[in-house]
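These are my notebook entries on a structure I looked up step by step.

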Amino acid sequence: MKQKEFVETVGGPCRIREDLNRDGMIKGDIIMINRLRHWLRFNLAYLGSPPWDTGITPPEVEQYIAIAKVGRALDLGCGTGTNLLRLAQAGWDVTGVEFAPKAVLVARRRLHKAGYSGSVILGDVGDASILQPPYDLVLDIGCYHGLDASTRARYRANLPAILTDAGTFLLYFHHKIEPEARVGISEEELILIASLFKAVHRQDSEDRFGRKACWLNCTGVIDA
Ligand SMILES: C[S@@+](CC[C@H](N)C(=O)[O-])C[C@H]1O[C@@H](n2cnc3c(N)ncnc32)[C@H](O)[C@@H]1O
């Protein structure tokens, strides 16, 4: 009888803990599987010619280059380095972060061939430990809006620390039309991003496929 009581007392909490662990593992596994799919999606795209890899710097970035004082620029999700190269040509000291090895190699080769010494880091945009801040410009064309929620949260949390006080965050993204959509930024999330800065300018547009898109120009980080 004593033994049965013992088994029940020990067995109860253990069973509960096993259930919690199993649920926790399932959530963790889903996050890992989604991250792997995200990584595979981009790496497979770079085996061919991804639609975004046009080799052309968008007019919004050209406008920024035309008026901004040169400094240190960080391109998060820099792809094959089109905008790193353009910024380097305009006199910026450039760094890119990209998790697709093929795109990193292409970006490095392009900078090197053109005689620029910028660096292209193979890594995750949510990982601030791979960076050497501060940067005067953080550019993101189409990367943030495809990240999972926890990487987005880490990315946002890093922004104030990696930008100079008067630095600019220039972001191109698609709007989230359906709440469950994997890609896109909702109005609530935009408010979260904007709340990190003193001045925010927003320019809504459409991409060449008719999707609702936007350029956000944020300056002057607010200290936490
Ligand atoms: C839509 S593409 C845009 C590429 C580039 N900015 C351009 O305009 O050509 C998004 C890029 O972000 C990269 N990317 C996505 N998630 C990332 C992550 N977590 N860490 C690093 N790079 C990522 C992809 O591999 C891809 O190159």
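What percentage of the 224 residues of the protein count as buried? I began here, keeping in mind that I am reading a predicted model, and I found that 27% of the residues count as buried.

Entry on the overall build. I looked up the secondary structure and found 6 helices and 7 strands in the protein, which follow the pattern α-α-β-α-β-α-β-β-α-β-α-β-β when read along the sequence. I then turned to the contacts with a separation of 6 or more, of which 67% are accounted for by residues 24 or more positions apart.

Entry on the sheet. In what order do the 7 strands of the open sheet stand? I noted the order S3-S2-S1-S4-S5-S7-S6, with mixed pairing. Strand S3 (119-122) and strand S6 (197-206) stand at the edges with a single partner strand each, so one side of each has no neighbour in the sheet. On average, and with direction ignored, neighbouring strands of this sheet are turned by 15° against each other.

Entry on S1. I asked myself why S1 is largely enclosed by the rest of the structure. The burial count gave the reason, because 4 of the 5 residues of S1 are buried. I followed its pairing to strand S2 (residues 93-98), to which S1 is joined by 5 bridges in a parallel run, with Ala73 standing opposite Val94 in S2. The chain gets from S1 to S2 through helix H3 (residues 82-89), and I recorded this β-α-β crossover as right-handed. I also looked up the pairing of S1 with S4, where 3 bridges join the two strands, again running parallel, and where Leu74 stands opposite Val138 in S4.

Entry on S4 and S5. These strands pair in the parallel sense over 6 bridges, and I found Tyr135 opposite Leu163 in S5. Here the chain crosses from S4 through H5 to S5, in a β-α-β crossover that is right-handed. I then checked how H5 (residues 149-162) is placed, and found that this helix lies across strand S1 (72-76), strand S4 (135-141), S5 and S7, running at about 145° to S5.

Entry on S5 and S7. Do strand S5 (residues 163-174) and strand S7 (residues 212-221) run parallel or antiparallel? They run antiparallel, and 7 bridges join them. Among the facing residues, I noted Leu170 opposite Asn217 in S7, and Phe169 opposite Cys218 in S7.

Entry on a peptide bond. I looked at the bond from Pro133 to Pro134 and found it cis, with omega near 10°. Pro134 itself lies in the loop between S3 and S4.

Entry on the ligand. Which of the 20 residues around the ligand come nearest? I listed Phe42, Gly77, Gly79, Phe99 and Gly142. Sorting the shell around the ligand by class, I found 11 nonpolar, 6 polar and 3 charged residues, with Gly being counted as polar in this sorting.

Note on methods: Residues numbered from 1 in each chain as written. Predicted model: local features only at pLDDT ≥ 70, side-chain atom pairs only at ≥ 80, totals over all residues. Near = placed C-beta within 6 Å. Pairing = 2+ DSSP bridges. Axes fitted to C-alpha atoms, helices over the stretch in contact; angles between N-to-C directions. Contact = placed C-beta atoms within 7 Å. Buried ≥ 20, exposed ≤ 12 C-beta atoms within 10 Å, placed from the backbone. Right-handed = clockwise from strand over helix to strand, strands pointing away.
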